[in-house]
Amino acid sequence: MTNDNNSTRKKANAVFFSLIVVLSMVGVGFAGSATALGTNDDYLDVNGDEKQGGVVFQGQDLYLVGDSVNGSNGATVNLRRVTEYNDSNAVTNSEQVEQLTVEALDSDFPSAVGSGGQVVEIDTDDLEAGDYFVRGVGDLAVNPQQSETFEVTVQDLSAEFDDEEVTDEGANSVTELDVSSDRGTYSTNVSANGDLSETELINVLVTGENVDVDSNGYINGSTITPSDAVTVQDLRNILVNVRGNVSVDDAGNPTLESSSTEIGDSNITLDEAIATDANPFGAVVYNTNEEDADEKVGLYQQPDTAADVSFAGVDTGDYEFNFDVGDTEASDNASITVNEQDTTGDFSQGVYTQTAGDVVNMTLELEDTDDAYIQVGDEESGFVDVLYVEDDDDDGEVTFQVNTRLLGTYGPDDDVYNTEDDIVESLTHGGISDADDVPRFEDEDGNGIGFNGYLEQLDLIDSGESPEDQLVRPLQPTSYEVAANGNDLFVVNEDDESELDNEIDLATLELTEPGVGNIQTWTAPSDNADADTDLQDVLDTVNQTSEIAEDDRLVIQAEATGIYGHMVAIDDDGFDALNNGFSASTLDTLDNREGEGVNIEIEADDATGNQDATSLDLAGASESDIIVLVDNDSGQMFIVVDTSSSDAFDGTLDPDAEFTAEIEYEGDADNRFEFNGTSVLGGAGGDSTEAAFPYFQAGDDVTQTSTGDFTIAERDATFDNMDGEEVQVALSESATVSGMTNVAPGSDASVRIQSAEGVSPSFVETSDVQINSDGTFSAEFDVSAQSVNDTGTVSFRVDGSSVADSDMRIVETVGEPANFAVSDLNPQDVTVTSGDVIDVSATVENTGENEATQTVTFQVGGNTIAEQDVTLDGGESMTVEFTDIDTSSLDAGDYEHGVFTDDDSQTATLTVEAADTGGDDGASDDGETDDGASDDGETDDGASDDGETDDGASDDGETDDGASDDGSGDDGSTDDSTPGFGALVALVALIAAALLATRRRD
């Protein structure tokens, strides 16, 4: 029985434990099966969107609806926060947050949530970030899946002004506002603690000038004709006027009604008013029925936005802006201080001085603003223009150029004013469009009169005329006031004088009379004319000379003013040409505008009866052939010519061609320059075919002309240490070969020496050389391995080609270079009568050791009268004579005359007296009847007085035989041994020679 009992007990235990396991499994099965909300249960937001498994932002309300809560009105449920999920994403741990009550779903709840039945309202304002669920009624799971929970996250919001301080008007009243969040789009309420009304807030947030309308006349899709252009103020007014269409929704955000309906006659809708660029934050004004509608505005469904806001017109003070997202707890504050605008401006110079007709550079430095108005001129100067200037690159100043040739004319607007980095607009030239506030003009009583009325009351134009009619000729040399205005108001006072309402600075534009001055020439290494367009780069390479080597660049520098404004108007590059260079055709056009009175001629003296002179081809040359660089500030023009280009010349360039450059400003004897109607051009009395330089008075002697001569010669070089036809090269490790060339300094030059055939050892060496500013060069070679009397050739090379060469010889030592010294000038100081014929001589000695040939010249007053080539060996001398020198071409006066070599000269004074043309019979007055003979104290017999009985012969110290005293007797003819001189002159010459001999002995 015992065994049976034990068996029964074991079976009972097995059944019990099996039941426990089954029940446990059942329990687990029940627990596992409750993993979802009830079949019709949902978490909804105020818009009726399901949020189970989704995200809500802290502050957004949720509503639990469905079968689990229906019929449980008044029941209590538990809001729990998930603390742990298992691997199957089921809740395994959670914590109690609060108990909520099931309520009747009536009209107090958002309509999107539904109506009838029951609801559990979940307020997320105080919930931390995390996952949440509700349980405790109906089929709500105790431990749901993660997809049946909802996540609460905290929205971040940042609002910040770019500047801590702004002004109450002007450019500095604008700053940037940056509103951003970690949420895609959201609506925000903005207020300023009641310190700003809803209208003032709209004025701050809606900025700009005009609502953008595209080229097809559309604003965000709606047709707007040009005449319907909507200004920003229009847009502000629209937003205030349609505030009845904006209310606060259940979440606390702005909501729109009839937003797609066009507003009045504006042809735009509320949707478009929110979306336009002028309303970057989507600002709207609330219905007056809404709470605090008079001190807040809404920003409707905007993404993160950073855009300009304006505090123009806002009272000065400190403001704190509050930004609150309606449906979440996100908020931020941004503070800003509004100060009174204290605009100041300073011109960089008190007086801007420039020649009339050229371009003047001006700078206005600004503080507490980035824009201003400027009045150029006044009623006293007879001209007025008003400019709007704006610092567009934020460097605190506005820099601009004024073309004084076109200012006030009918010329192209773009060629009158220019700025690189800022904004400059003119009422006379093109109008003002970029200013926030257009300029206002009033009379003494405060009546608006407009710009034309302003000019009329200043007596600058007549009724019906335009601002361009103020001038009859370009702005003339005189003083013009330049005044900066801190606001936009200009007034004609009771004295009919112009006044600026808030003058912040005053300067003077002093225009001086233009003219032409010195012309000189320079040379630069061979290259295209436009290889350097920076003037300073060109000046760093040039060398002054009147002889230009062919293929080098010719630079003609002319002092010329008053033409650069006109050149700006002609050239395709406009103002840029002042820095980058003008085309040659610009000069040609200026030259061919006859009425302008500017004549430019650069031509050679090679004209023949059937052929015009060779000249620069200003009309046809490209900028690589000829370019014109100018220094507008100093009044200098540089015409750069590539002489290697045949296209630079109109004609064939002859060897050693002599050129003259001439610039003339031509005036008119009777009439001044006047415009030809509404043209920028004109001429004498308005006739564009009659020359009258625009800045000259009428008169006979007003024309100004300047010339400069130069030669374009073949490239050449000479060598030092010449002995006859050979260059001496010393036997040395550092033998020097030197010389002189007309090739431009800075050119790629070298010297090469090469042995003659049969010389051993043979040699070929090339050394780069620098051409100095005086044309000299020097190269060094090692010829120590050679022998005395070895021969060869030496050549001077430029750009790899030989320019000049010569035979050479190796010598022990190089002899002293030839030096042609001049002495024994005869006659020296001498007086002649115009028309006399004279002979001149001098001794020329080669004081060097090497043979050479030089051209010896006789010069009077710096002009060569006669010349001859002289060859002298070292130490050799000779007397050089110049005979039959005719003085008839010389006016009465003193001249320097002398004999010149390349190395030396000797000079004296030649006095020329006027010939007697008063009717004298050619005889001296002896107190007797004039018989044509000198007075000898005896009866006049027609003979000179020799102390003997007068026999009609000259005195030779012997008994007079009637013949001239030449060792054979006087034949009665004039003595031709000293042509052009009398006996007295010959005697003076002999005395001078004796004195010279005495000095030499001393």
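In this predicted model, pLDDT stays under 50 over residues 1-36. The model has nine contacts beyond four places in sequence for that stretch. Across the chain, the mean pLDDT is 86. A value of 70 or more is reached by 85% of the residues.

The chain holds 1002 residues, and 46% of them are buried. Its secondary structure comprises ten helices and 66 strands. Contacts were examined for pairs with a separation of 6 or more, and 67% of these join residues 24 or more positions apart.

Strand 53 spans residues 735-741. It is mostly covered, with five of its seven residues buried. Two pairings of this strand were examined. Strand 50, residues 717-719, pairs with strand 53 in the antiparallel sense. Three bridges make up this pairing. Within it, Ala717 stands opposite Thr741. Strand 56, residues 776-781, also pairs with strand 53 in the antiparallel sense. That pairing runs over six bridges. Ser738 has Ser778 of strand 56 as its bridge partner.

Helix 5 covers residues 450-457. Its buried residues are Phe451, Gly453, Tyr454 and Leu455. An α-helix has 3.6 residues a turn, so residues three or four places apart point the same way. The cover over the buried residues of helix 5 includes several strands. Among them are strand 26 (371-376) and strand 27 (385-390). Strand 31 (440-442) contributes as well. So do strand 33 (489-492) and strand 34 (498-500). Just after the helix, Asp459 takes a positive phi of about 60 degrees.

Salt bridges number eleven in the model. One of them joins the side chains of Asp45 and Lys51, with an N to O distance of 3.9 Å. Asp45 and Lys51 are both buried.

A second salt bridge links Asp327 and Arg183. The closest N and O atoms of this pair are 2.9 Å apart. Asp327 lies in the loop between strand 21 (317-325) and strand 22 (331-339). Arg183 lies in the loop between strand 12 (174-181) and strand 13 (186-191). The pair therefore ties together parts that are 144 residues apart in sequence. Asp327 is buried, and Arg183 is buried too.

Arg440 forms a salt bridge with Asp488, the closest N and O atoms being 2.8 Å apart. Asp488 counts as buried because its relative accessibility is 12%, under the 20% cut-off. Arg440 has a relative accessible area of 38%, so it is partly exposed. Salt bridges that share partners join Arg440, Glu442 and Asp488 into one network.

Notes
Residues are numbered from 1 along each chain as its sequence is written. This is a predicted model: local features need pLDDT of at least 70, side-chain atom pairs count only at pLDDT 80 or more; totals for chains, interfaces and linings use all residues. Side-chain values use heavy atoms; hydrogens and water are left out. Buried means under 20% relative accessible area, exposed over 50%, partly exposed in between (1.4 Å probe, protein chains only). Helices (H or I, at least four residues) and strands (E, at least two) are DSSP runs, numbered from the N terminus. Contact means heavy atoms within 4.5 Å. pLDDT is the predictor's confidence in each residue, from 0 to 100. Two strands pair if DSSP finds at least two bridges between them. A salt bridge is a side-chain nitrogen of Lys or Arg within 4 Å of a carboxyl oxygen of Asp or Glu.
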